[in-house]
Amino acid sequence: QNKIITRVKSKIAKIKIPDIEEYRTYFVLYFIAGFVMGAMYSVYKLKSYDHHYQVLQQQQSDSFNGSNQTPILPKRFCKICLTNIIGKDHHCVWLDVCISEDNFPYFLSFLACIFMSLVLSGLIFLTSICLPLREIGPVLIPDLTCLSGIPTEGNPKLTFTAGIHCFLLAIPILLLFIVKGAPYLVRTILKRYRSSGSKIQNQRL
(Lines give C-alpha, C1' and ligand atoms only; values in the text may rest on other atoms or scores of the structure.)
Protein backbone atom coordinates (compact mmCIF):
# COMPACT_ATOMS: atom_id res chain seq x y z
CA GLN A 1 0.00 0.00 0.00
CA ASN A 2 2.84 2.40 0.78
CA LYS A 3 4.35 1.72 -2.64
CA ILE A 4 1.01 2.46 -4.32
CA ILE A 5 0.67 5.70 -2.35
CA THR A 6 4.16 6.81 -3.29
CA ARG A 7 3.52 6.01 -6.96
CA VAL A 8 0.29 8.01 -6.93
CA LYS A 9 2.05 10.94 -5.24
CA SER A 10 4.86 10.86 -7.79
CA LYS A 11 2.37 10.85 -10.68
CA ILE A 12 0.46 13.74 -9.13
CA ALA A 13 3.71 15.66 -8.68
CA LYS A 14 4.55 15.20 -12.37
CA ILE A 15 1.25 16.77 -13.44
CA LYS A 16 1.87 20.39 -14.41
CA ILE A 17 -0.86 22.80 -13.37
CA PRO A 18 -1.25 25.46 -16.09
CA ASP A 19 -0.37 28.95 -15.00
CA ILE A 20 -3.21 31.44 -15.31
CA GLU A 21 -0.80 34.09 -16.51
CA GLU A 22 -0.11 32.11 -19.68
CA TYR A 23 -3.77 31.54 -20.53
CA ARG A 24 -5.23 34.84 -19.31
CA THR A 25 -5.59 36.27 -22.82
CA TYR A 26 -7.23 33.07 -24.03
CA PHE A 27 -9.75 33.21 -21.17
CA VAL A 28 -10.71 36.78 -22.08
CA LEU A 29 -10.95 35.90 -25.77
CA TYR A 30 -13.22 32.95 -24.93
CA PHE A 31 -15.41 35.27 -22.87
CA ILE A 32 -15.63 37.71 -25.77
CA ALA A 33 -16.48 34.91 -28.20
CA GLY A 34 -19.21 33.69 -25.84
CA PHE A 35 -20.74 37.15 -25.53
CA VAL A 36 -20.60 37.65 -29.31
CA MET A 37 -22.35 34.31 -29.84
CA GLY A 38 -24.97 35.31 -27.28
CA ALA A 39 -25.55 38.57 -29.13
CA MET A 40 -25.92 36.70 -32.43
CA TYR A 41 -28.41 34.28 -30.88
CA SER A 42 -30.41 37.20 -29.45
CA VAL A 43 -30.52 38.85 -32.89
CA TYR A 44 -31.69 35.56 -34.40
CA LYS A 45 -34.52 35.26 -31.87
CA LEU A 46 -35.51 38.90 -32.43
CA LYS A 47 -35.56 38.56 -36.21
CA SER A 48 -37.41 35.24 -36.18
CA TYR A 49 -40.25 36.46 -33.94
CA ASP A 50 -43.48 36.81 -35.94
CA HIS A 51 -45.56 39.73 -34.69
CA HIS A 52 -48.14 39.35 -37.46
CA TYR A 53 -48.97 35.82 -36.33
CA GLN A 54 -49.43 37.08 -32.78
CA VAL A 55 -51.89 39.74 -33.96
CA LEU A 56 -53.90 37.17 -35.93
CA GLN A 57 -53.92 34.81 -32.97
CA GLN A 58 -55.22 37.53 -30.65
CA GLN A 59 -57.90 38.53 -33.16
CA GLN A 60 -59.10 34.94 -33.31
CA SER A 61 -59.19 34.70 -29.52
CA ASP A 62 -61.06 38.01 -29.28
CA SER A 63 -63.64 36.90 -31.83
CA PHE A 64 -64.07 33.59 -30.01
CA ASN A 65 -64.38 35.09 -26.54
CA GLY A 66 -66.48 38.03 -27.63
CA SER A 67 -65.84 41.60 -28.71
CA ASN A 68 -66.46 42.99 -25.21
CA GLN A 69 -63.25 41.49 -23.92
CA THR A 70 -60.40 44.00 -24.19
CA PRO A 71 -56.86 42.78 -24.96
CA ILE A 72 -54.34 42.78 -22.16
CA LEU A 73 -51.66 44.60 -24.16
CA PRO A 74 -52.50 47.52 -26.49
CA LYS A 75 -51.74 47.42 -30.20
CA ARG A 76 -49.52 50.02 -31.82
CA PHE A 77 -49.06 50.43 -35.54
CA CYS A 78 -45.50 50.38 -36.82
CA LYS A 79 -44.89 52.59 -39.86
CA ILE A 80 -41.77 50.63 -40.82
CA CYS A 81 -43.16 47.10 -40.44
CA LEU A 82 -46.62 48.25 -41.67
CA THR A 83 -48.44 46.08 -39.14
CA ASN A 84 -49.97 46.26 -35.67
CA ILE A 85 -47.62 45.21 -32.87
CA ILE A 86 -49.06 43.97 -29.58
CA GLY A 87 -47.27 45.57 -26.64
CA LYS A 88 -44.87 47.50 -28.89
CA ASP A 89 -42.07 49.39 -27.14
CA HIS A 90 -40.10 50.76 -30.13
CA HIS A 91 -38.69 49.84 -33.52
CA CYS A 92 -34.94 49.22 -33.41
CA VAL A 93 -33.49 50.74 -36.58
CA TRP A 94 -30.10 49.08 -36.00
CA LEU A 95 -31.60 45.58 -35.99
CA ASP A 96 -34.60 46.49 -38.19
CA VAL A 97 -37.07 44.74 -35.90
CA CYS A 98 -39.92 45.78 -33.62
CA ILE A 99 -39.33 45.33 -29.89
CA SER A 100 -42.41 44.26 -27.94
CA GLU A 101 -43.13 42.75 -24.54
CA ASP A 102 -42.64 39.21 -25.85
CA ASN A 103 -39.18 39.60 -27.40
CA PHE A 104 -37.95 42.26 -24.97
CA PRO A 105 -35.75 39.83 -22.95
CA TYR A 106 -33.79 38.99 -26.11
CA PHE A 107 -33.26 42.69 -26.77
CA LEU A 108 -31.89 43.18 -23.26
CA SER A 109 -29.63 40.14 -23.61
CA PHE A 110 -28.35 41.55 -26.91
CA LEU A 111 -27.45 44.84 -25.21
CA ALA A 112 -25.77 43.05 -22.29
CA CYS A 113 -23.68 40.82 -24.58
CA ILE A 114 -22.58 43.75 -26.76
CA PHE A 115 -21.69 45.80 -23.66
CA MET A 116 -19.56 43.05 -22.15
CA SER A 117 -17.84 42.39 -25.49
CA LEU A 118 -16.90 46.05 -25.84
CA VAL A 119 -15.64 46.30 -22.26
CA LEU A 120 -13.46 43.20 -22.55
CA SER A 121 -12.14 44.29 -25.95
CA GLY A 122 -11.27 47.70 -24.52
CA LEU A 123 -9.43 46.05 -21.62
CA ILE A 124 -7.41 43.90 -24.03
CA PHE A 125 -6.39 46.97 -26.03
CA LEU A 126 -5.48 49.10 -23.02
CA THR A 127 -3.66 46.43 -21.03
CA SER A 128 -1.38 45.76 -23.99
CA ILE A 129 0.13 49.26 -23.79
CA CYS A 130 -0.57 50.49 -20.23
CA LEU A 131 1.53 49.59 -17.20
CA PRO A 132 1.25 48.89 -14.29
CA LEU A 133 -1.76 46.54 -14.33
CA ARG A 134 -4.24 45.42 -11.71
CA GLU A 135 -5.64 41.92 -11.48
CA ILE A 136 -9.35 41.22 -10.94
CA GLY A 137 -9.80 37.46 -11.24
CA PRO A 138 -8.80 36.35 -14.76
CA VAL A 139 -9.14 39.92 -16.08
CA LEU A 140 -6.42 42.58 -16.13
CA ILE A 141 -7.27 46.28 -15.93
CA PRO A 142 -4.88 49.22 -16.38
CA ASP A 143 -3.89 51.14 -13.27
CA LEU A 144 -4.86 54.78 -12.80
CA THR A 145 -1.20 55.77 -13.20
CA CYS A 146 -0.71 54.48 -16.74
CA LEU A 147 2.92 54.93 -17.80
CA SER A 148 3.79 56.20 -21.26
CA GLY A 149 6.79 55.54 -23.44
CA ILE A 150 6.71 51.76 -22.90
CA PRO A 151 8.21 49.80 -25.81
CA THR A 152 5.36 47.80 -27.36
CA GLU A 153 4.79 46.06 -30.66
CA GLY A 154 2.67 47.84 -33.25
CA ASN A 155 1.28 51.34 -32.98
CA PRO A 156 0.53 52.23 -29.32
CA LYS A 157 -1.51 55.32 -30.27
CA LEU A 158 -3.79 53.26 -32.51
CA THR A 159 -4.18 50.59 -29.82
CA PHE A 160 -4.97 53.18 -27.15
CA THR A 161 -7.52 54.87 -29.46
CA ALA A 162 -9.21 51.52 -30.19
CA GLY A 163 -9.52 50.80 -26.45
CA ILE A 164 -10.99 54.22 -25.71
CA HIS A 165 -13.46 53.85 -28.59
CA CYS A 166 -14.63 50.50 -27.18
CA PHE A 167 -15.38 52.13 -23.82
CA LEU A 168 -17.07 55.13 -25.46
CA LEU A 169 -19.34 52.82 -27.46
CA ALA A 170 -20.13 50.81 -24.32
CA ILE A 171 -21.43 53.87 -22.42
CA PRO A 172 -24.60 54.54 -24.53
CA ILE A 173 -25.33 50.82 -24.68
CA LEU A 174 -25.19 50.64 -20.89
CA LEU A 175 -27.47 53.69 -20.58
CA LEU A 176 -29.94 52.15 -23.04
CA PHE A 177 -29.88 48.89 -21.10
CA ILE A 178 -30.64 50.74 -17.85
CA VAL A 179 -33.34 52.97 -19.36
CA LYS A 180 -35.12 50.09 -21.10
CA GLY A 181 -34.38 47.34 -18.62
CA ALA A 182 -35.49 49.05 -15.40
CA PRO A 183 -39.13 49.65 -16.48
CA TYR A 184 -39.33 46.15 -17.92
CA LEU A 185 -38.09 44.69 -14.61
CA VAL A 186 -40.69 46.70 -12.70
CA ARG A 187 -43.46 45.53 -15.07
CA THR A 188 -42.49 41.88 -14.74
CA ILE A 189 -42.36 42.11 -10.94
CA LEU A 190 -45.82 43.73 -10.86
CA LYS A 191 -47.22 41.07 -13.21
CA ARG A 192 -45.92 38.27 -11.02
CA TYR A 193 -47.22 39.98 -7.90
CA ARG A 194 -50.68 40.43 -9.43
CA SER A 195 -50.78 36.86 -10.74
CA SER A 196 -49.76 35.49 -7.35
CA GLY A 197 -52.40 37.67 -5.67
CA SER A 198 -55.12 36.46 -8.04
CA LYS A 199 -54.11 32.83 -7.41
CA ILE A 200 -54.37 33.36 -3.65
CA GLN A 201 -57.83 34.93 -4.05
CA ASN A 202 -58.99 32.03 -6.24
CA GLN A 203 -57.77 29.55 -3.65
CA ARG A 204 -59.69 31.36 -0.90
CA LEU A 205 -62.86 31.31 -2.98
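Author: Let us begin with the naming of elements: helices (H or I, at least four residues) and strands (E, at least two) are DSSP runs, numbered from the N terminus. Please keep in mind that this is a predicted model.

Reader: How is a pair of aromatic rings described, and how many aromatic pairs does the count come to here?

Author: A pair of aromatic rings is described by the distance of the centres and the angle of the planes. Here the count comes to two aromatic pairs. In one of them, the ring centres of Phe104 and Tyr184 are 5.0 Å apart and the planes lie at 25 degrees, so this pair is stacked, since planes under 30 degrees apart count as such. The pair links distant parts of the chain, with Phe104 in helix 4 (residues 104-127) and Tyr184 in helix 5 (residues 156-204), 80 residues apart.

Reader: Are Phe104 and Tyr184 buried or exposed?

Author: Buried means under 20% relative accessible area; Phe104, at 1%, therefore counts as buried, and Tyr184, with 15%, is buried as well. Together with Phe107, these two residues form one aromatic cluster.

Reader: What shows where empty space is left, and which elements supply the lining of the largest pocket?

Author: Rolling a probe the size of a water molecule over the atoms shows where empty space is left. In this model the largest pocket holds about 210 Å³ of space, and strand 3 (88-92), helix 4 and helix 5 each supply at least two residues of its lining. Helix 4 gives the most, with four residues. The lining, which includes Phe107, Trp94 and Lys180, divides into eight nonpolar residues, two polar and one charged.

Note on methods. Residues are numbered from 1 along each chain as its sequence is written. This is a predicted model: local features need pLDDT of at least 70, side-chain atom pairs count only at pLDDT 80 or more; totals for chains, interfaces and linings use all residues. Side-chain values use heavy atoms; hydrogens and water are left out. Rings of Phe, Tyr and Trp (its six-membered ring) pair if their centres lie within 6.5 Å; planes under 30 degrees apart count as stacked, over 60 as edge-to-face and the rest as tilted. Buried means under 20% relative accessible area, exposed over 50%, partly exposed in between (1.4 Å probe, protein chains only). On a 1 Å grid over the protein atoms alone, a cavity is a set of points where a 1.4 Å probe fits but cannot get out, and a pocket is an open set with protein on both sides within 12 Å along at least five of seven lines; lining residues have an atom within 4 Å of a point. Grid points are joined across faces, edges and corners, and a volume is the space filled by probe spheres set on the points. Ala, Val, Leu, Ile, Met, Phe, Trp, Tyr, Cys and Pro count as nonpolar, Asp, Glu, Lys and Arg as charged, and the others, Gly among them, as polar.
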